[in-house]
Amino acid sequence: EEFVDKKFGEKTALIFHDENNETRMTNYNSLNSISNRIAMALLEAIQFNNLKANNDGDWIICVCMKPSDNLVTTLLATWKCGGMKKLNQK
């Protein structure tokens, strides 16, 4: 993650054309920052609500969104939750 931030930070990570056919672009630094904040919020919600993991030790997170750059960011955040959870357990 640190390597990507240093090497590709300001380069375009996502290009998305919305329903108004407007182009939205996100760079790697923004994508990483936003997905980290979403991941931390998800982990805090799990902890605050004292949710129990399934038999594999994972939580099931359902995402229902229209295809967009926000969907990609949210999916990245859910994947990061597993890695952040493991880092916090050490």
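These legends walk through several close-up views of one predicted model.

Residues are numbered from 1 along each chain as its sequence is written. Local features in this predicted model need pLDDT of at least 70 and side-chain atom pairs count only at pLDDT 80 or more, while totals for chains, interfaces and linings use all residues, and side-chain values use heavy atoms, with hydrogens and water left out.

**View 1. How confident is the predictor in the protein and its elements?**
The protein has an average pLDDT of 86, and 91% of the residues score at least 70; pLDDT is the predictor's confidence in each residue, from 0 to 100. Helices (H or I, at least four residues) and strands (E, at least two) are DSSP runs, numbered from the N terminus.

**View 2. Strands β1 and β2 make a hairpin.**
Here β1 (residues 12–17) runs antiparallel to β2, and the two pair over five bridges; strands count as paired if DSSP finds at least two bridges between them. Five residues lie between the strands, and Asn-21 in the turn has a positive phi of about 60°.

**View 3. Arg-24 and Asp-69 form a salt bridge.**
A salt bridge is a side-chain nitrogen of Lys or Arg within 4 Å of a carboxyl oxygen of Asp or Glu, and a search of the whole structure finds one. In this pair, the closest N and O atoms are 2.3 Å apart. The bridge links distant parts of the chain, with Arg-24 in strand β2 (residues 23–27) and Asp-69 in helix α3, 45 residues apart. Buried means under 20% relative accessible area, exposed over 50% and partly exposed in between (1.4 Å probe, protein chains only). Arg-24 counts as partly exposed because its relative accessibility is 34%, whereas Asp-69 counts as buried because its value is 8%.

**View 4. Ile-60 and Val-63 sit in the loop between α2 and α3.**
Val-63 is found between α2 (28–48) and α3 (69–89), and counts as partly exposed because its relative accessibility is 31%. Ile-60 belongs to this loop between α2 and α3 as well and is exposed, with a relative accessible area of 72%. From Ile-60 to Thr-78 the C-alpha atoms are 9.5 Å apart, although the two are 18 residues apart in sequence.

**View 5. Cys-62 and Cys-64 have no disulfide between them.**
Which bond do we look for here? A disulfide is a covalent bond between the sulfur atoms of two cysteines; here it is counted as a pair of cysteine sulfur atoms within 2.5 Å. A search of the whole structure finds zero disulfides. Cys-62 is in none, and the nearest cysteine sulfur, that of Cys-64, is 9.1 Å away, which is too far for a bond. Both residues are exposed: Cys-62 at 71% relative accessibility and Cys-64 at 81%.
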